[in-house]
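I opened this structure to take notes on its strands, its core and its surface. The entries follow in the order I looked things up.

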Amino acid sequence: MCVRLSACIKSLPRLPLINPSAIMDLKVVAVLICLSAFAISSTQAAIPGCCINTRKIIPINVLRKVSRWTIQSSGGACDIDAVILHVRDKRICVDQTVFKDIWWRMKQWKQRVKKRAAKYNV
C-alpha cells in the first residue's frame, strides 16, 4: 500500500504512447471504409432494372393505362430483348415480337377515342 501519492503514481504501469503514424494509419483506414461504402451504395443505384421474363398477352384495359414505353436490348447490361410498358408505378415487360401488334392496337384505340371526342364536341 502506498503512503504517499507520488509513490503510488510511480508504481502504476506506464501506458505506451500512441505512435503518430498509427493515428495516420487509422485515418487512412477510416477514409477507405467511407469511400468503399459510398462506392457500393452508388453502384447499386446505377444497376438497371432488367426484365427477366416477358409477357406475350397484355389485356386492352392495361394497354389503355400505359403512360410511356422503353426498349430494353440484350446488348447492354440486360440479358433479353424486351419492351417495357410503364403503367403508373408498375413496369410490364413485353416480348418485342408481339410489340408491333400491341402498338397497332394502342394506335387504333387512340384513333377511336379521338373520333368519339370529335363527334361529341361538335
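This is a predicted model: local features need pLDDT of at least 70, side-chain atom pairs count only at pLDDT 80 or more; totals for chains, interfaces and linings use all residues.

I then checked the cover over the strand as a whole and found β2 mostly covered, with six of its six residues buried.

Next I looked up the partners of β2. Strand β1, residues 66-72, pairs with β2 in the antiparallel sense over six bridges. In that pairing I noted Q72 opposite A82. β3 also pairs with β2 in the antiparallel sense, over five bridges. There I found V83 standing opposite V94 of β3.

I followed the chain from β2 into β3. The two strands form a hairpin, with two residues between them. In the turn, R88 has a positive phi of about 55 degrees.

**The core**

Which residues make up the largest nonpolar core? I listed 12 residues: I58, L63, V66, V83, L85, V87, I92, V94, V98, F99, I102 and M106. The most comes from α4, which gives four residues. As background, I noted that nonpolar side chains in soluble globular proteins tend to be buried together.

Leaving out residues up to four places away in sequence, I92 touches R55, I58, V62, V83, I84, L85 and V87.

**The surface**

My last entry is on a nonpolar surface patch. Which residues make this patch? I wrote down V28, V31, L32 and L35, with an area of about 360 Å² for the patch. I also looked up where L32 sits, and its place is in helix α2, residues 20-46.

Conventions:
Residues are numbered from 1 along each chain as its sequence is written. Side-chain values use heavy atoms; hydrogens and water are left out. A nonpolar core is a set of buried Ala, Val, Leu, Ile, Met, Phe, Trp, Tyr and Cys residues joined through side-chain atoms within 4.5 Å. Buried means under 20% relative accessible area, exposed over 50%, partly exposed in between (1.4 Å probe, protein chains only). Contact means heavy atoms within 4.5 Å. Patches are made of residues with over 30% relative accessible area and no salt bridge: like charges are joined within 9 Å, nonpolar side chains (Val, Leu, Ile, Met, Phe, Trp, Tyr) within 5 Å. Accessible areas come from the Shrake-Rupley method with a 1.4 Å probe; for residues, only the protein chains shown count as cover. A salt bridge is a side-chain nitrogen of Lys or Arg within 4 Å of a carboxyl oxygen of Asp or Glu. Two strands pair if DSSP finds at least two bridges between them.
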